[in-house]
Amino acid sequence: ATTTGSSSANSGSWTSFLKSIASFNGDLSSLTAPPFILSPTSLVEYSQYWAEHPDLLVAANQLPTPEQASSSTAEAMALKRAIAVTKWFISTLKSQYCSRNESMGSEKKPLNPFLGEVFVGKWETGGDVGETILASEQVSHHPPVTAYAVANGKNNVVLQGYNGITSSISTTSINIKQYGHALLNYQDLKETYLVTLPPLHIEGLITAAPFVELEGTSYIQASNGFYTVIEYSGRGWVSGKKNTFKARIFRDQLSSANKENASVTISGQWSGKSYIGKGGSTPHSKSSELFYDANAQPSEHLIVKPIEEQEPTESRRAWEKVAEAIRKSDYNLIHEEKSKIENEQRELRKKERETGHQWHTRWFDQKDYSNPEGKTDTNLETPDPFTNLTNLANLSIHNAPSGSLKKSKYDHGESKHWRFNLDKWKQDGMKI
Ligand code: HCR
């Protein structure tokens with residue numbers, strides 16, 4: 001049901017929820033929210049939003065090579081690929097940040113995945129795109145971290161990444177910093193793109209109709225040097241429209257020091273229409289070429305096995321009873337069913353401590369990029385693409401908020417990042 005908190009029955013519990021937020025410790029998942037704001041979907045499912053437009057994910061691979069496009073230089077084709085990757089990234093935002101509003105009437109509090117919870121599925125797109133698979137796994141519970149891989153075998157494209165959040169509260173909103181990044185590899189092109197995740201805030205708390213607005217910047221660094229800077233703004237700033245962005249694509253990070261150096265500029269709403277023009281000035285909707293229309297491109301939904309065929313750790317099977325209770329808004333049942341899962345998890349961790357057998361993640365490994373003695377982690381390829389991309393983009397290699405720059409106040413600490421292990425995936429009998 002599309003319930004928001006405006007009804008009087010909901011308003012009391014919403015007020016108590018707001019009070020609990022005001023004094024919370026930074027861990028949103030630990031807050032008890034009223035049933036009408038709970039989503040029956042676990043956060044481990046959110047990885048699917050990276051590829052609800054599989055055609056755009058593989059598009060850079062399908063552009064002609066410089067040999068095929070005789071009139072274009074290699075440079076011009078590399079720019080076209082950077083534009084294609086930027087379009088794919090913009091196309092993911094509506095699914096990532098608006099889909100709960102569209103399907104359930106407002107942003108909701110997702111189920112907090114348990115360690116080892118997995119979510120898998122596939123997109124079956126026809127033509128040159130073919131099948132794309134999703135592997136998503138909860139690789140940490142405290143703090144919550146989800147790792148994922150999206151792979152398209154026909155085009156030899158692999159997207160992988162991970163994400164976690166920290167949150168803080170201000171007078172009217174909840175502010176979220178994202179941790180992690182995505183790496184998009186086009187094997188045939190021998191090209192990789194590093195994508196950073198933007199900060200966001202949740203507005204609409206007073207009216208019990210929360211929604212997300214993005215802020216700050218996302219960067220996309222290509223291994224061929226091209227560098228995209230995407231700046232977000234919300235209603236009330238410059239354009240006055242919600243979900244606004246401006247993206248500039250530069251030949252490299254150095255040339256981004258002057259906005260006029262941009263090869264192209266894209267501007268508009270990521271949940272609506274955006275326009276593209278050459279150079280550094282802002283394109284106008286009346287005279288410029290349409291770049292992307294988020295509402296003209298229906299999302300391609302992931303195909304997931306029926307619950308009866310799923311393993312016990314697969315998200316929809318594991319949370320089935322909780323999800324049912326949420327749909328019925330049965331507070332006691334939600335609590336009862338959630339407690340069963342939480343207690344089971346506590347038991348598992350206790351057993352692991354007693355037997356000294358640590359939990360092993362299933363399809364992802366954590367790789368250490370810190371290199372204090374000039375040694376490289378033996379698990380890393382040399383030269384390592386991620387290290388190279390962070391250097392090209394002047395981005396921190398540490399576990400800093402996504403998009404932190406080198407020498408910024410966050411540029412220190414551990415440098416451990418989750419990576420997809422294709423061998424483990426295949427050993428599990430899975431295909432790409
Ligand atoms: C902040 C958020 C959980 C995290 C969600 C993330 C950041 C997860 C990774 C995805 O790739 C992108 C993404 C999209 C979501 O917008 C974001 C969620 C929005 C709300 C939710 C909070 C934990 C819910 C708080 C409770 C509210 C509704 C008052």
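Buried means under 20% relative accessible area, exposed means over 50%, and partly exposed lies in between, with a 1.4 Å probe and protein chains only. Helices (H or I, at least four residues) and strands (E, at least two) are DSSP runs, numbered from the N terminus.

The structure is a predicted model, in which local features need pLDDT of at least 70, side-chain atom pairs count only at pLDDT 80 or more, and totals for chains, interfaces and linings use all residues. Residues are numbered from 1 along each chain as its sequence is written, and side-chain values use heavy atoms, with hydrogens and water left out.

**Exercise 1. The partners of strand 8**

Task: Find which strands are joined to strand 8 by bridges, and how they run.

Solution. 
- Step 1. Two strands pair if DSSP finds at least two bridges between them.
- Step 2. Strand 7 (residues 174-186) is joined to strand 8 by six bridges, and the two run antiparallel. Within this pair, T192 of strand 8 has N185 opposite.
- Step 3. Strand 11 (residues 217-222) is joined to strand 8 by three bridges, again antiparallel. Here A222 of strand 11 stands opposite Y193.
- Step 4. The hairpin of strand 7 and strand 8 has four residues between the strands.

**Exercise 2. Backbone exceptions**

Task: Describe the backbone geometry and location of K190, A208 and P143.

Solution. 
- Step 1. Most residues other than glycine have a negative phi, and most peptide bonds are trans.
- Step 2. K190 is not a glycine, yet its phi is positive, at about 55°. K190 sits in the loop between strand 7 and strand 8. K190 counts as exposed because its relative accessibility is 74%.
- Step 3. A208 also has a positive phi, near 60°. Its place is the loop between strand 9 (200-203) and strand 10 (211-214). A208 counts as buried because its relative accessibility is 2%.
- Step 4. The peptide bond from H142 to P143 is cis, with omega near 0°. P143 belongs to the loop between strand 4 (130-140) and strand 5 (145-152).

**Exercise 3. Strand 1**

Task: Explain why strand 1 is described as largely enclosed, and name which strand is joined to it.

Solution. 
- Step 1. Strand 1 is largely enclosed by the rest of the structure because five of its five residues are buried.
- Step 2. Two bridges join strand 1 to strand 2 (residues 109-111), and the strands run parallel. L38 has K109 in strand 2 as its bridge partner.

**Exercise 4. The whole chain**

Task: Compare the radius of gyration of the protein chain with that of a compact globule, and give its make-up and extent.

Solution. 
- Step 1. The radius of gyration is taken over C-alpha atoms, and the globule rule is 2.2 Å times the number of residues to the power 0.38.
- Step 2. For 432 residues a compact globule would have a value near 22 Å, and the protein chain has 22 Å, which agrees.
- Step 3. The C-alpha atoms fill a box of roughly 65 × 50 × 45 Å along the principal axes.
- Step 4. The chain has eight helices and 18 strands, and 51% of its 432 residues count as buried.
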